[in-house]
Amino acid sequence: MGEVDPAFIQHPEHRPKLSIIEAEGIPLIDLSAINSPNSISDPEAMERIVREVGNACKEWGFFQVINHGVSSDKLQKIEASAKKFFALPLEEKRKIRRDLNNVLGYFDTENTKNIRDWKEVFDFDVEDPTLVPASPDPEDDEETEWTNQWPKYPPEMREACQEYAREVEKLALKLMGLIALSLGLPEDRFKGYFKDQTTRIRLNHYPPCPSPELALGVGRHKDGGALTVLAQDDVGGLEVKRKTDGEWVSVNPTPNAYIINLGDTLQVWSNERYESTEHRVMVNSEKERFSIPYFLEPAHYTIIKPLEELINEQNPAKYRPYSWGKFTTHRKLSNFKKLNVENIQIHDFRI
Ligand code: OGA
Ligand code: NI
């Protein structure tokens, strides 16, 4: 990526401010009490964590966790593979380029809100193959499979990715348990939705950009799934839109922490007790940046709607039911063209 092509240039109101506010950051939650063997015997610590998670979900939709139990060795391995892979010549990476028939693999021309992102990515699914609807058309019952595409080099990448996925899955499901408890629901309330999950992991590479004041690594967006578990390196650039005043606040890298953010699916399930939060990524002119989001997403046949336990006459459902599979295929397949309209949003199902 050389000079900034007009396709990358953000509208003035969405351009990043290079002098960012160093505000009080998103909450940091220490999970050591639930990761130690005697956690069951410490109900108070558990209650405190559930309360912290609930407050963070309500106030920010974003938080960081430390002592999360994910092996740092597995993270280092996937990070090392990502570096080697993105350093390959473009024509080598494009051998596993994503297209309309296979939405998994390498991609360097993604748009967010119809503006090009200053990044390249490698996507793989945790379930391989992943069962999905053949098309976003609600009348079409046909199913298809998405399969991962692995590069020849580096040869260890496939194993590094698969092992990392299994590690993070444990954390993601544990967090869903804490979130369920914080909503007054049984810890395993969400578990069943992930049996045939469509969960995806993305390796992001943000190269240095000659005009970081004009472009974004990822434009403003919300994640569509249940929640995201993000590993970022020490460069920084992620910004979160603060709920209280709409200001963009930077998420400074914390060593050995994961960043957790709620997706649209949880906003609907919780009938807006919790909301997903808009975020974006700034780039810079000197340093490349790597990050690895794990997007926890339900089975394609899941009908997403506010949970029965959380609605009543005073607090009726705010969303009509919709199919996760149709919603996500609509989004993923439309990635390949620059639309003239905003892509499908949960707002389209708001009552
Ligand atoms: C994303 C995302 C953040 C980051 O890929 O959806 O928000 O820091 N990434 O890379
Ligand atoms: Ni995101």
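Because the model is predicted, local features need pLDDT of at least 70 and side-chain atom pairs count only at pLDDT 80 or more, while totals for chains, interfaces and linings use all residues. Residues are numbered from 1 along each chain as its sequence is written, chains are lettered from A and ligands numbered from 1 in the order in which they are written, and side-chain values use heavy atoms, with hydrogens and water left out.

**The nickel site**

Let's begin with the metal. The nickel ion (ligand 2) has His221 (NE2), Asp223 (OD) and His279 (NE2) as its protein donors, at 2.1 to 2.2 Å. Donors here are N, O and S atoms within 2.8 Å of the metal (3.2 Å for Na, K and Ca); water is not among the atoms, so sites may look incomplete. Along the sequence, the donor residues follow the spacing H-x1-D-x55-H. Asp223 sits in the loop between β10 (218-221) and β11 (227-232) and His279 in strand β15 (residues 279-281), so this pair ties together parts that are 56 residues apart in sequence. Helices (H or I, at least four residues) and strands (E, at least two) are DSSP runs, numbered from the N terminus.

Strand β10 also holds Gly219. Leaving out residues up to four places away in sequence, Gly219 touches Gln10, Thr112, Asp117, His279 and Arg280; contact means heavy atoms within 4.5 Å.

**Buried residues at a glance**

Buried means under 20% relative accessible area, exposed over 50%, and partly exposed in between (1.4 Å probe, protein chains only).

| Residue | Relative accessibility |
|---|---|
| Asp223 | 7% |
| His279 | 6% |
| Gly219 | 2% |
| His300 | 8% |
| Arg98 | 2% |

**Two polar contacts**

A polar contact is a pair of N or O atoms within 3.5 Å; within protein, one must be able to donate a hydrogen and the other to accept it, and residues adjacent in sequence count only if both atoms are side-chain atoms. Arg98, in the loop between α4 (90-93) and β3 (105-107), makes such a contact through its side chain with the side chain of Glu110 (2.9 Å). His300 belongs to the loop between β16 and β17 (303-304), and its side chain is joined to that of Glu143 by a polar contact of 3.1 Å. Beyond its neighbours within four places in sequence, His300 is in contact with residues including Asp196, Ser323, Trp324 and Gly325.

**Helix α7**

Trp324 and Gly325 lead us to α7. In this helix (residues 324-334), 10 of the 11 residues are buried, so α7 is largely enclosed by the rest of the structure. Its buried residues pack against β7 (130-133), β8 (143-146), β9 (200-206), α6 (264-269), β17 and β18 (322-323). At the start of α7, the backbone nitrogen of Gly325 has a side-chain oxygen of Ser323 within 3.3 Å.

On a 1 Å grid over the protein atoms alone, a cavity is a set of points where a 1.4 Å probe fits but cannot get out, and lining residues have an atom within 4 Å of a point. There are 3 cavities of 30 Å³ or more.

How values were computed: On a 1 Å grid over the protein atoms alone, a cavity is a set of points where a 1.4 Å probe fits but cannot get out, and a pocket is an open set with protein on both sides within 12 Å along at least five of seven lines; lining residues have an atom within 4 Å of a point. Grid points are joined across faces, edges and corners, and a volume is the space filled by probe spheres set on the points.
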